[in-house]
Amino acid sequence: MRRRGHGRPRRPHAGAQGMGGRAGPPCGGPAGGSPPGDKQGNVGRVRRISGHGGAHAVAAARRYGVTAMFTLSGGHVFPLYDAAVQADPPLRLVDVRHEQTAVFAAEATARLTRAPGLAVVTAGPGVTNSVSAVTTAWFNGAPLVLLGGRAPDYLWGKGALQELDHVPLLAPVTKRAWTEHDKRRVAASADEAFRVALTPHRGPVFCDFPLDTIYDQAEAELPEDRLPEPAPPDPGDVTRIAKLLGAARRPVLVLGSDVWLGRADEAARQAAEALRLPVIANGQARGVLPGGHELLVSRARTLAFGEADLVIVAGVPLDFRLRYGSFGPEEDPAKVVHVADAPGALAGHCPLAATAAGDLTAFFAALAAEARPAADPDWLPRLRDAARAALAADAPLLASDSVPVHPVRVYGELLKVLDDDAVVIGDGGDFVSFAGRHIEPRKPGRWLDPGPFGCLGTGLGYAAAARLAHPSAQVVLLLGDGAAGLSLMDADTLVRHRLPVVIVCGNNGAWGLEKGPMRAVYGYDVAADLRPGTRYDEVVRALGGAGEVVTSPAQVGPALRRAFASGVPYLVNVVTDVEAGYPRTTTGV
Ligand SMILES: Cc1ncc(C[n+]2csc(CCOP(=O)(O)OP(=O)(O)O)c2C)c(N)n1
Ligand SMILES: [Mg+2]
């Protein structure tokens, strides 16, 4: 049930500070001392907290393993900063240049580390600027907690600065959104926010605190109960799926991001190997079977989905990425099984032969123990051949010498220098579609695209989070020139916080993914051109990083090597061929 926090005017609390009040925030006790959550997200003992609301909220966050707070400053949330820096150890405060970057960074933290991400934004525009990123987390099932400031209760209704009831805006794109008015319940509310975000099916949670509530001193106890273990799926459901597998001649297993987020990546790999199932991996499950694995047939997707008689889809919605759950030949459609981490995540829009909902590790273990597959002996080899043929067909473009540079040549060069544990982030249109095709991660959870909400502008926030989550791994952001406009100012954040990232900009002077489709629909295009050759590398240099422009294929490799060696935020600005659009079968509408 959603709790809606329509602020009722209340009397001022003693000690509440107005915006700009000179007395400054009260200094409450720091939020240190409690152990962070363990790998399962279980939390430690109860403790008493005293201090302002910020100390209470940060104490709750730390119990769930939160180590960073992403934010953009505003007086409504100063107590949260005070608590972050006073905590022992402190939370790392990462202040950014646009709230969407803060929330994208928190979302990426959740997706990369599987601990919840925390963003803190000020009242009014701080919250409204966060909405697209929260929605991205909603679509991605990412455990994100967004804490907002809010105009004080004692002024509510009088027109205080940035007075806006945020909850109705956030409610449709969060698991829960509410206002906590009671200073004695700030810790409990923050604790609840993390608990709800982490409970499958995971997702974002929003809570805001009126200024008087968060600045005021209070005493409270954090609840001591632990997160319950996720429930296994019904054994009868697993048996039904095992039987379908026993009867299938051309089965396919599809793995999606929740396999990674639910820590079922190892169990999924073991089940696929034990049952010898061809696998197609999606989102953050890419890498569960490392690139080159004999069962990984993502590149034979058209054949696999076109001819399968059974498709088991685990940990991803049956949305536009998966043909809305319609597979196999039209005259003889495949049976479809949907497996999700919670009943609410199961598809309701397409016929399903069976479903299972619950802990995905338990599901894969039970399926591996029970199923006796009887696939056609030539099914897997056919898929493997098709995947191999697709890979072989890539070779000429990966080595293309054409000028302007073909975007695929960029990946031909990148593949030569990419480590197995690199984090690769895509923010853009065609440039990122090509990356999805040509870069096959070798580890799960290391590929970050925006997911099904498809929001441009994730790039710099995701990159900052990746560098913090994996301090010694390569972090590469693949950035369209159009996408660059939505977050490149946050290269300043990378510089100020010493977060070296290699940014490769595919600069085709266009919103390419829209240009081609508009031409296909109308025979011409408008509103799709950008200035050719814009020096996005100079933007990063001006902000204190480094970069260079690349106009010929032979320069790409050396430029990438310089970027990785630089140890600073570095943008390799590759002028690419606008005519080399990603070959699409649909307009993307
Ligand atoms: C916030 C947002 N606005 C608009 C879009 C629609 N859109 C999707 S891809 C794309 C073009 C991206 O251009 P660029 O980043 O330069 O990549 P390219 O396709 O040129 O490689 C646009 C405008 C979107 N997905 N998200
Ligand atoms: Mg472009």
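The chain is divided into domain 1 (46-223), domain 2 (235-382) and domain 3 (399-575), with bounds that come from an automatic or database domain assignment. This is a predicted model, in which local features need pLDDT of at least 70 and side-chain atom pairs count only at pLDDT 80 or more, while totals for chains, interfaces and linings use all residues. Residues are numbered from 1 along each chain as its sequence is written, and chains are lettered from A and ligands numbered from 1 in the order in which they are written.

**Domains 1 and 2**

- The centres of domain 1 and domain 2, taken over C-alpha atoms, are separated by 36 Å.
- Contact, meaning that the C-beta atoms of two residues, placed from the backbone, lie within 7 Å, involves 7 residues of domain 1 and 11 residues of domain 2.
- The side of domain 1 that touches domain 2 has 1 nonpolar, 3 polar and 3 charged residues, where Ala, Val, Leu, Ile, Met, Phe, Trp, Tyr, Cys and Pro count as nonpolar, Asp, Glu, Lys and Arg as charged, and the others, Gly among them, as polar.

**Ligand 1 and helix H16**

- Around ligand 1 there are 19 residues, of which Gly428, Gly429, Gly480, Gly482 and Gly512 come nearest; a residue is near a molecule if its C-beta atom, placed from the backbone, lies within 6 Å of it.
- Two or more residues of this shell come from each of helix H16 (430-438), helix H18 (481-487) and helix H20 (512-522), helices (H or I, at least four residues) and strands (E, at least two) being DSSP runs numbered from the N terminus.
- By class, the shell around ligand 1 has 7 nonpolar, 9 polar and 3 charged residues.
- In H16 the buried residues are Asp430, Phe431, Val432, Ser433, Phe434 and Ala435, where buried means 20 or more other C-beta atoms within 10 Å of a residue's own, exposed 12 or fewer, and partly exposed in between, with C-beta atoms placed from the backbone.
- The cover over these buried residues of H16 includes helix H15 (407-417), strand S14 (423-427), strand S16 (475-480), strand S17 (502-507) and H20.

**Backbone exceptions**

- Most residues other than glycine have a negative phi, and most peptide bonds are trans.
- Asp88 and Pro89 are joined by a cis peptide bond with omega about -5°, and Pro89 sits in the loop between helix H2 (78-86) and strand S3 (92-95).
- The bond from Val403 to Pro404 is also cis, with omega near -5°, and Pro404 belongs to the loop between helix H14 (379-398) and H15.
- Arg276, in the loop between helix H11 (265-275) and strand S10 (279-281), has a positive phi near 50° and is partly exposed, with 13 other C-beta atoms within 10 Å.
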